[in-house]
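Let us walk through this structure step by step.

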Amino acid sequence: MLTQLHEAATPTCEAQHCERPLGEPALVFETEAGRREAYECACGAVTVTVVRPESSR
C-alpha cells in the first residue's frame, strides 16, 4: 500500500521556504533494502525519497 501511495504522490522540494513540485527523479538507486530517488529542484536543493519493499516492514 505504501508503495502505491508513493507512486501516486507528487514529491515536493524539502528546502526551507521552497515547496515546488518535483518532476522525474534525476537518480534512482534500487537494492534489496529499497528504492531511493533523488530529485533536483530549480532552487538547487536535492530531495531524496526512500521506499522500502513490503517484505521489510
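Cysteine 13 sits in the loop between helix 1 and strand 1 (27-31). Helices (H or I, at least four residues) and strands (E, at least two) are DSSP runs, numbered from the N terminus. This is a predicted model, in which local features need pLDDT of at least 70, side-chain atom pairs count only at pLDDT 80 or more, and totals for chains, interfaces and linings use all residues. Residues are numbered from 1 along each chain as its sequence is written, and side-chain values use heavy atoms, with hydrogens and water left out.

Is cysteine 13 buried or exposed? Cysteine 13 is buried, at a relative accessible area of 4%. Buried means under 20% relative accessible area, exposed over 50%, and partly exposed in between (1.4 Å probe, protein chains only).

What does cysteine 13 touch, beyond its neighbours within four places in sequence? Its contacts (heavy atoms within 4.5 Å) are Cys18, Glu19, Arg20, Leu22, Cys41, Cys43, Ala45 and Thr47. Threonine 47 is 34 residues away along the chain, yet the two C-alpha atoms are separated by 6.2 Å.

Cysteine 41 is buried, with 7% relative accessible area. The closest cysteine sulfur to that of cysteine 41 belongs to cysteine 43, at 3.7 Å, which is too far for a bond. A disulfide is a pair of cysteine sulfur atoms within 2.5 Å. Cysteine 43 is therefore in no disulfide. Cysteine 43 is partly exposed, at 39% relative accessibility. Across the whole structure, a search finds zero disulfides.

Now to the surface. Valine 48 lies in strand 3 (residues 46-51). Valine 48 is exposed, with a relative accessible area of 51%.

Step back to the whole chain. Along the sequence, the pattern is α-β-β-β. Of the 57 residues, 23% are buried. Confidence is given by pLDDT, the predictor's value for each residue, from 0 to 100. Its mean over the chain is 84. Confidence is lowest in helix 1 (residues 2-8), at a mean of 49, and highest in strand 2 (residues 34-40), at 94.
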